[in-house]
Structure formats: structure tokens, C-alpha cells
Amino acid sequence: MRSLIRVCIICSLLVMGLDSFAQQPSHYSQYVFNNYLLNPAAGGVGDYIDIKGGYRNQWIGFGAAPQTYLVSLHAPISNLKLEPKPFGTRNHHAFGGYVVKDQTGPISQLGGYISYAYHIRISYDLKVSAGVSAGFRQYSLNTDELWTLEANDQDLISMKTSTPDATAGIWVYTDKYFAGFSGHQLIPLKLSTSDNKLNMHYFLTGGYSFPLRKIDSYLVPSANVRFGILTPIQTDITVKLKYKRVAWAGISYRKIDGLIGIVGVNVYNYLQIGYAFDFTLSKLAKYSNNSHEIIIGLRFKPSKNKTQVRCPDWG
């Protein structure tokens with residue numbers, strides 16, 4: 001009986017769209033480290049090619065605990081013959097793409113996107129960008145990973161469903177602060193195997209970099225708010241110390257869910273490694289050994305003659 005109930009719950013998670021937590025947009029403890037995943041307008045904020053890969057293992061200790069894999073790439077695009085002004089003193093375009101996979105036992109969802117953003121210089125240091133990403137979302141149920149009382153239960157059938165997807169956002173930034181708003185799952189089409197459809201979700205992000213000149217460091221408080229039509233508001237509040245642009249450490253509080261410790265290193269501004277450990281504070285703490293998240297980033301400058309515009313988007 002318990003196995004049957006479990007199967008029914010899992011199948012419901014697949015076909016009910018975003019009425020369940022299994023099909024919400026992925027969330028990350030190190031959102032400041034890779035704002036591009038939450039907002040396509042953040043692509044191309046700096047004069048470099050930005051590549052990131054990451055892995056998140058949530059609620060360790062649970063059977064079929066959620067796992068997330070991600071790869072992203074974005075960069076500004078310019079033609080020096082047509083745009084001779086240095087980067088940061090002119091408007092510019094940016095392109096990118098990313099792939100995210102969420103695995104929760106027999107249920108998985110895979111998303112692939114390409115993005116475009118246009119950055120406008122408003123004043124000497126203030127810039128505003130608007131961006132959009134488009135791609136697909138695929139959901140699947142693999143019944144081979146289910147355990148039932150009856151072997152080879154013919155009533156259980158593996159299934160897949162997919163739908164086009166889109167995200168849009170705006171981003172405001174200087175070398176001291178950043179803020180953005182984005183909407184996810186903007187295409188309200190029905191999933192191919194059900195009458196349900198993906199509901200829109202929204203992300204509001206912002207942060208400020210306070211200089212600590214005596215120790216050549218920066219204190220960066222930030223916040224990330226996520227909300228949707230059928231889901232409660234989730235808020236992350238983070239405070240990080242960036243020490244001499246070579247390392248960072250911080251603490252984050254997620255409403256209801258937990259407390260997060262974050263550390264990272266920045267090697268010559270080309271290699272960044274960030275790690276987050278989530279301490280579960282909710283009732284799930286009785287059954288879970290918390291969560292781990294690691295993100296590795298690479299930055300490549302296509303030309304040594306180009307100047308870099310710093311935006312507090314790492315650490």
C-alpha cells in the first residue's frame with residue numbers, strides 16, 4: 001500500500017506542472033555567484049567570456065534527494081571597427097546559453113536555453129540591460145527506478161513531456177550595486193501529456209558593495225526573493241565579505257528553510273570556485289543531512305587591450 005501511494009505521488013508530481021515543488025524553477029544558494037541563471041539580462045555585464053559549471057545535492061539523507069547540474073556561458077559581443085569606444089563607455093550586445101538538469105529519484109527535468117541581452121549606458125557608471133532567454137523544458141518519469149510490491153507492474157509506464165519555455169528580465173548595475181527583476185516560465189502552453197501548464201515565477205535580486213578600505217575588502221549584502229502564483233514567497237538574505245578580491249566568505253538566511261554558509265576563492269580573476277553548505281532548520285532536519293552546492297567559474301578575456309567593468313557578481 002505504501003508503495004502504491006508513493007507511486008501515485010510521484011506520478012502526480014510529473015503531471016501537475018508547477019502545482020508541485022518538483023517543477024518550480026531551480027534555486028541556488030550562491031545566486032550572487034551566477035545571477036545569469038536567474039536573469040538573462042545579467043549576461044555580458046563584464047568584458048570577458050564567462051563559463052560556469054555547478055552541482056547541488058539537496059537534503060542529503062533522503063531517498064531520491066534532489067540533485068541539480070548546470071552549465072552556463074555568456075559574453076558581450078562587439079565589433080571594434082564599428083564600436084571603437086572602450087568597453088563600458090558604450091552600449092553593447094550579449095549572447096549566452098545554459099543547460100540545467102534536476103533529478104529527483106525517478107523524476108527528472110531538463111532545460112536548455114539561449115539568451116540575448118542589450119546593455120545601455122545611462123550615465124558615467126550606471127548601466128541598464130534587458131534580456132530574454134528561450135528554449136525548452138522536458139519532464140520525464142523513469143519507472144525502472146520505482147520499487148513496487150508487484151514485479152514488472154504493467155500499470156506503470158515511463159513517460160516524457162516537453163514544452164517551449166522563455167524567461168525575460170531587466171538588470172541595473174554599477175561597480176557598487178546591482179538589482180534585477182525577471183519572470184520565468186512565460187509561455188503558458190499545456191504540457192503534452194496533461195491539461196496542466198507551467199505557471200509563471202518571478203525573481204527579484206539586489207545587492208550593494210560597501211568598501212572596507214583599511215583591509216582592501218568589500219562587504220556585500222544582497223537579497224533574492226522568489227514568488228509565484230501558486231507558491232509561497234521564498235527569500236534569501238546574504239552578507240558576504242570579499243577579501244582583497246581573492247576570497248570570500250558569507251552567511252545567508254533562507255526564510256523557514258535554513259541557514260547557509262558560503263566560501264570561495266578567486267584566482268587572478270580567471271578561476272572562481274564557490275561552495276555553499278545549507279543547514280536545514282525546518283522539520284526536514286530530522287531526516288536530512290543538509291545540502292551541498294559547488295560552482296566553478298572560468299573567465300576569459302578575448303583581448304588584453306579591453307578594459308574590464310567590475311560588477312559585484314562574484315563572491
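Visitor: Which residue in β2 is the bridge partner of Asn57?

Guide: This is a predicted model, and in it the bridge partner of Asn57 in β2 is Gln67.

Visitor: Why is the contact between Arg299 and Asp50 called a salt bridge?

Guide: The term asks for a side-chain nitrogen of Lys or Arg within 4 Å of a carboxyl oxygen of Asp or Glu. In this pair the closest N and O atoms are 3.5 Å apart, which is within 4 Å, and therefore the contact between Arg299 and Asp50 is called a salt bridge. The pair links distant parts of the chain, with Arg299 in strand β15 (residues 291-300) and Asp50 in strand β1 (residues 49-57), 249 residues apart.

Visitor: What makes Arg299 and Asp50 buried rather than exposed?

Guide: Buried means under 20% relative accessible area. Arg299 has a relative accessible area of 3% and Asp50 has 1%, so both values fall under 20% and both residues are called buried.

Visitor: How do you know that Arg137 and Asp165 form a salt bridge?

Guide: Their side chains meet with an N to O distance of 3.4 Å, and because the limit is 4 Å, the name salt bridge applies to Arg137 and Asp165. Arg137, in strand β5, and Asp165, in strand β6, are 28 residues apart. Arg137 has a relative accessible area of 7% and Asp165 has one of 3%, so each is buried by the 20% limit.

Visitor: Why can one say that the salt bridge of Arg254 and Asp278 ties together separate parts of the sequence?

Guide: The N to O distance in this salt bridge is 3.2 Å. Arg254 lies in strand β12 and Asp278 in strand β14, so the pair ties together parts that are 24 residues apart in sequence. Both residues are buried, and they belong to a network of salt bridges that also links Arg56, Arg226, Asp236 and Glu293.

Terms used:
Residues are numbered from 1 along each chain as its sequence is written. This is a predicted model: local features need pLDDT of at least 70, side-chain atom pairs count only at pLDDT 80 or more; totals for chains, interfaces and linings use all residues. Side-chain values use heavy atoms; hydrogens and water are left out. Helices (H or I, at least four residues) and strands (E, at least two) are DSSP runs, numbered from the N terminus. Buried means under 20% relative accessible area, exposed over 50%, partly exposed in between (1.4 Å probe, protein chains only). Two strands pair if DSSP finds at least two bridges between them.
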